[in-house]
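Some labels used for protein structures rest on a number and a cut-off. Please look at the model below and keep it in view.

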Amino acid sequence: MSESASKRILMVEDEEDIAFLIRYMLERHGFVVDHEADGRQALEYFAQGKPPDLTLMDIMLPYHDGLELIERLRAQPGWDSVPVLMLTAKAREVDIVRALELGADDYVTKPFQPEELLARIRRLLRSRR
Ligand code: CA
(Lines give C-alpha, C1' and ligand atoms only; values in the text may rest on other atoms or scores of the structure.)
Protein backbone atom coordinates (compact mmCIF):
# COMPACT_ATOMS: atom_id res chain seq x y z
CA MET A 1 0.00 0.00 0.00
CA SER A 2 1.47 3.35 -1.00
CA GLU A 3 1.43 6.51 1.09
CA SER A 4 -1.12 7.98 -1.29
CA ALA A 5 -3.72 5.26 -0.77
CA SER A 6 -7.21 6.63 -0.31
CA LYS A 7 -6.17 10.23 -0.99
CA ARG A 8 -8.79 11.85 -3.18
CA ILE A 9 -7.81 14.39 -5.81
CA LEU A 10 -10.23 16.65 -7.65
CA MET A 11 -8.95 17.37 -11.16
CA VAL A 12 -10.58 20.25 -13.06
CA GLU A 13 -9.27 19.96 -16.62
CA ASP A 14 -11.03 20.34 -19.97
CA GLU A 15 -8.32 18.90 -22.21
CA GLU A 16 -9.18 15.23 -22.51
CA ASP A 17 -5.71 13.95 -23.33
CA ILE A 18 -4.14 15.77 -20.39
CA ALA A 19 -6.92 14.63 -18.06
CA PHE A 20 -6.44 11.06 -19.25
CA LEU A 21 -2.70 11.12 -18.61
CA ILE A 22 -3.03 12.71 -15.17
CA ARG A 23 -5.72 10.26 -14.12
CA TYR A 24 -3.67 7.33 -15.38
CA MET A 25 -0.57 8.43 -13.49
CA LEU A 26 -2.37 9.27 -10.24
CA GLU A 27 -4.42 6.09 -10.16
CA ARG A 28 -1.27 4.09 -10.80
CA HIS A 29 0.13 5.67 -7.63
CA GLY A 30 -2.93 4.81 -5.59
CA PHE A 31 -4.84 8.10 -5.68
CA VAL A 32 -8.59 8.34 -6.23
CA VAL A 33 -9.35 10.89 -8.96
CA ASP A 34 -12.57 12.87 -9.39
CA HIS A 35 -12.59 14.61 -12.77
CA GLU A 36 -14.66 17.67 -13.65
CA ALA A 37 -14.26 18.92 -17.23
CA ASP A 38 -15.46 22.53 -17.01
CA GLY A 39 -16.19 25.40 -14.67
CA ARG A 40 -19.85 24.58 -14.28
CA GLN A 41 -19.18 20.99 -13.26
CA ALA A 42 -16.52 22.16 -10.84
CA LEU A 43 -18.94 24.52 -9.08
CA GLU A 44 -21.44 21.67 -8.72
CA TYR A 45 -18.70 19.54 -7.21
CA PHE A 46 -17.80 22.29 -4.72
CA ALA A 47 -21.43 22.68 -3.72
CA GLN A 48 -22.28 19.01 -3.34
CA GLY A 49 -19.08 17.15 -2.56
CA LYS A 50 -17.04 16.92 0.55
CA PRO A 51 -13.60 18.50 0.17
CA PRO A 52 -10.98 16.41 -1.61
CA ASP A 53 -7.48 15.99 -0.18
CA LEU A 54 -6.10 18.15 -3.01
CA THR A 55 -7.35 19.98 -6.11
CA LEU A 56 -5.64 20.19 -9.51
CA MET A 57 -6.99 23.25 -11.27
CA ASP A 58 -6.57 24.14 -14.92
CA ILE A 59 -6.83 27.88 -15.61
CA MET A 60 -8.36 28.08 -19.09
CA LEU A 61 -11.74 26.36 -18.76
CA PRO A 62 -15.21 26.66 -20.29
CA TYR A 63 -17.88 28.68 -18.38
CA HIS A 64 -15.79 29.69 -15.36
CA ASP A 65 -12.02 30.00 -15.48
CA GLY A 66 -9.67 28.53 -12.92
CA LEU A 67 -9.06 31.88 -11.23
CA GLU A 68 -12.74 32.34 -10.48
CA LEU A 69 -12.97 28.72 -9.39
CA ILE A 70 -10.10 29.08 -6.91
CA GLU A 71 -11.86 32.05 -5.36
CA ARG A 72 -15.15 30.13 -5.17
CA LEU A 73 -13.41 27.03 -3.81
CA ARG A 74 -11.81 29.00 -0.99
CA ALA A 75 -15.22 30.42 -0.05
CA GLN A 76 -16.72 26.96 0.47
CA PRO A 77 -17.09 25.98 4.13
CA GLY A 78 -14.45 23.38 4.95
CA TRP A 79 -12.47 23.97 1.75
CA ASP A 80 -10.16 26.70 3.02
CA SER A 81 -7.26 24.33 3.70
CA VAL A 82 -7.58 22.13 0.59
CA PRO A 83 -4.26 22.35 -1.28
CA VAL A 84 -4.73 23.77 -4.78
CA LEU A 85 -2.18 23.05 -7.49
CA MET A 86 -2.69 25.01 -10.70
CA LEU A 87 -2.05 23.69 -14.18
CA THR A 88 -1.06 26.67 -16.32
CA ALA A 89 -0.10 27.29 -19.90
CA LYS A 90 3.31 28.73 -20.60
CA ALA A 91 3.76 32.49 -20.51
CA ARG A 92 0.77 33.21 -18.32
CA GLU A 93 2.68 34.85 -15.49
CA VAL A 94 -0.19 37.21 -14.75
CA ASP A 95 -2.50 34.27 -14.13
CA ILE A 96 0.05 32.60 -11.89
CA VAL A 97 0.44 35.67 -9.69
CA ARG A 98 -3.31 36.24 -9.53
CA ALA A 99 -4.01 32.59 -8.69
CA LEU A 100 -1.46 32.57 -5.89
CA GLU A 101 -3.07 35.74 -4.51
CA LEU A 102 -6.49 34.06 -4.66
CA GLY A 103 -5.30 31.09 -2.64
CA ALA A 104 -3.58 28.59 -4.93
CA ASP A 105 -0.66 26.86 -3.24
CA ASP A 106 1.55 25.96 -6.19
CA TYR A 107 1.54 25.51 -9.95
CA VAL A 108 3.02 23.50 -12.77
CA THR A 109 3.43 24.76 -16.30
CA LYS A 110 2.15 22.74 -19.24
CA PRO A 111 3.62 20.67 -20.71
CA PHE A 112 4.84 19.25 -17.42
CA GLN A 113 6.73 16.11 -16.55
CA PRO A 114 4.53 13.57 -14.76
CA GLU A 115 7.20 13.07 -12.10
CA GLU A 116 7.26 16.80 -11.35
CA LEU A 117 3.49 16.91 -10.95
CA LEU A 118 3.60 13.90 -8.66
CA ALA A 119 6.37 15.41 -6.54
CA ARG A 120 4.46 18.67 -6.12
CA ILE A 121 1.28 16.81 -5.19
CA ARG A 122 3.12 14.80 -2.58
CA ARG A 123 4.74 17.88 -1.13
CA LEU A 124 1.39 19.67 -0.81
CA LEU A 125 -0.24 16.64 0.80
CA ARG A 126 2.60 16.46 3.35
CA SER A 127 2.31 20.13 4.20
CA ARG A 128 -1.46 20.14 4.49
CA ARG A 129 -2.57 22.09 7.52
CA1 CA B 1 -7.81 24.22 -20.41
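Predicted model: local features only at pLDDT ≥ 70, side-chain atom pairs only at ≥ 80, totals over all residues.

Q: Why are α2 and α3 called roughly parallel?
A: Helix α2 (residues 39-48) and helix α3 (residues 66-75) pack at an angle of about 5 degrees. Angles under 35 degrees count as roughly parallel, so α2 and α3 get that label. Their axes are 10 Å apart.

Q: Which residues of α2 and α3 meet?
A: From α2 come Gly39, Ala42, Leu43 and Phe46, and from α3 come Leu69, Arg72 and Leu73. By class, this contact of α2 with α3 has five nonpolar residues, one polar and one charged. Gly counts as polar and Arg as charged.

Q: How do you know that α3 and α4 are roughly parallel or antiparallel to each other?
A: The angle between α3 and α4 is about 5 degrees, and their axes are 9 Å apart. An angle under 35 degrees counts as roughly parallel, whereas roughly antiparallel needs over 145. Therefore α3 and α4 are roughly parallel. On the α3 side the contact is made by Leu67, Ile70, Glu71 and Arg74, and on the α4 side by Asp95, Arg98, Ala99 and Leu102. This contact of α3 with α4 has four nonpolar, no polar and four charged residues.

Q: What makes the buried residues of α3 line one face of the helix?
A: The buried residues of α3 are Gly66, Leu67, Leu69, Ile70, Leu73 and Arg74. Seen down the axis of α3, they fall within an arc of 160 degrees, so they line one face. Among the elements that cover them are β1 (8-12), α2, β3 (54-58), β4 (84-88) and α4 (93-102).

Q: What caps the N-terminal end of α3?
A: Asp65 does, with a side-chain oxygen 3.1 Å from the backbone nitrogen of Leu67.

Q: Why is Glu13 called buried?
A: Buried means under 20% relative accessible area. Glu13 is at 0%, so Glu13 counts as buried. Glu13 lies in the loop between β1 and α1. Beyond four places in sequence, the residues that Glu13 touches include His35, Asp58, Leu87 and Lys110.

Q: What makes the pair Glu13 and Lys110 a polar contact?
A: A polar contact needs N or O atoms within 3.5 Å. The side chains of Glu13 and Lys110 are joined by one of 3.0 Å.

Q: Is Tyr63 buried or exposed?
A: Exposed means over 50% relative accessible area. Tyr63 has 51%, so Tyr63 is exposed. Tyr63 lies in the loop between β3 and α3.

Q: What phi does Tyr63 have?
A: Tyr63 has a positive phi of about 75 degrees, although Tyr63 is not a glycine. Most residues other than glycine have a negative phi.

Q: Why is Arg28 called exposed?
A: The relative accessible area of Arg28 is 53%, and the cut-off is over 50%. Arg28 is therefore exposed. Arg28 is found in helix α1 (residues 16-28).

Q: Where is there a cis peptide bond?
A: A cis peptide bond joins Lys110 and Pro111, with omega about -5 degrees. Pro111 lies in the loop between β5 (106-109) and α5 (114-126). Most peptide bonds are trans.

Note on methods:
Residues numbered from 1 in each chain as written. Heavy atoms only, no water. Axes fitted to C-alpha atoms, helices over the stretch in contact; angles between N-to-C directions. Helix = DSSP H or I, 4+ residues; strand = E, 2+ residues; numbered from the N terminus. Parallel < 35°, antiparallel > 145°, perpendicular 65-115°, else oblique. Contact = heavy atoms within 4.5 Å. Buried < 20%, exposed > 50% of the residue type's maximum accessible area, 1.4 Å probe, protein only. Arc of directions from axis to C-beta. Polar contact = N/O pair within 3.5 Å; in protein donor to acceptor, adjacent residues only side chain to side chain.
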